[in-house]
Amino acid sequence: MIYTKSEKEIDLMREACKVVKDTLAFVGSKICAGMSTKEVDELVERYIRASGAYPSCLGYGGFPASACVSVNETVVHGIPTHDRILKEGDIVSVDLCAYKNGFHGDACRTFKIGKVAPEHEKLIKVTEECFFKGIEGLRAGTPLFDIGYRVQQHAEAHGYGVIRSYTGHGIGREMHEDPSVPNYGRKGTGMRLREGTVLCVEPMIALGDWRVKILDDEWTAVTVDGKYAAHYENTLVVRKDGVEILTL
Ligand code: MF3
Ligand code: CO
């Protein structure tokens, strides 16, 4: 069941999304070598709460922190800890959600710690491009799987792997609503998107194999080949003539 949002509801979602956007900008200004992933989480939690919002990840399905902090070969759902210290050359995906006015916003950026290897720099850049390719031409009436088709085309043109076992999603009063938004697919297939549908489009792209495994903590998803992965996500509204990105 897809809950299409009214303009009034979208106005409310804008606030949660602004908190997400501002929190990510704040994290980007602070994150550096020597910081633990738990310290990153603390920055996120404090900033979100100070903005009058709740960090939706905290307690979601039992997740123990306010942000997913995923380093290098960790694709998603990295659990922040005091003993994982960031170092020069790491790439760190910080994925966070904020709940305000009864609605959630959700976005992710992959940050570089100091100078990173050129191949990882490029992975981050192409993953961001995958998002923008994915939403190219997207408007009311676009078939859902066109998004994944476009993401996959771009990622695979660079020889990268598209993560299959995690997808984008609808968002609103719940953090995860229908529909699922895969980052792969066949052009011209899937339901036609309607105006006012709010989606999280979130390519997760690996330097090598797209397969992942879950660690014993039951959250942390790492690439099976140990190669690095990047993640870029925004919350957006499908409009008659395009999209409106709420977390940029
Ligand atoms: N942005 C992530 C997602 O869409 C949020 C995960 S929160 C967690 O799945 F609690 F599940 F970690
Ligand atoms: Co998401």
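Leaving aside its neighbours within four places in sequence, which residues is S93 in contact with? Select S93 and look around its atoms. Contact here means heavy atoms within 4.5 Å. The residues in contact with S93 are C68, V69, S70, C108, R109, T110, A229, A230 and H231.

Before going on, note that this is a predicted model, in which local features need pLDDT of at least 70, side-chain atom pairs count only at pLDDT 80 or more, and totals for chains, interfaces and linings use all residues. Residues are numbered from 1 along each chain as its sequence is written, chains are lettered from A and ligands numbered from 1 in the order in which they are written, and side-chain values use heavy atoms, with hydrogens and water left out.

**Stop 1: S93**

S93 lies in strand β4, residues 91-100. Strands are DSSP runs of E with at least two residues, numbered from the N terminus. S93 counts as buried because its relative accessibility is 2%. Buried means under 20% relative accessible area, exposed over 50%, and partly exposed in between, with a 1.4 Å probe and protein chains only.

**Stop 2: ligand 1**

Select ligand 1 next. Of the 13 residues around ligand 1, those that come nearest are C57, D95, D106, H169 and H176; a residue counts if one of its heavy atoms lies within 4 Å. A nitrogen atom of the ligand is 2.9 Å from a side-chain N or O atom of D106. On the oxygen side, one distance is 3.0 Å, to an N or O atom in the side chain of H176, and another is 3.4 Å, to such an atom in the side chain of E202.

**Stop 3: backbone details**

Most residues other than glycine have a negative phi, and most peptide bonds are trans. Select D178 and P179: a cis peptide bond joins them, with omega about 0°. P179 belongs to strand β8, residues 177-181.

Go to N72, where phi is positive, near 55°. N72 is in the loop between β2 (67-71) and β3 (74-76), and counts as buried because its relative accessibility is 3%.

End at N101, with a positive phi near 60°. N101 is in the loop between β4 and β5 (103-112). At 36% relative accessibility, N101 counts as partly exposed.

Methods: Helices (H or I, at least four residues) and strands (E, at least two) are DSSP runs, numbered from the N terminus. A polar contact is a pair of N or O atoms within 3.5 Å; within protein, one must be able to donate a hydrogen and the other to accept it, and residues adjacent in sequence count only if both atoms are side-chain atoms.
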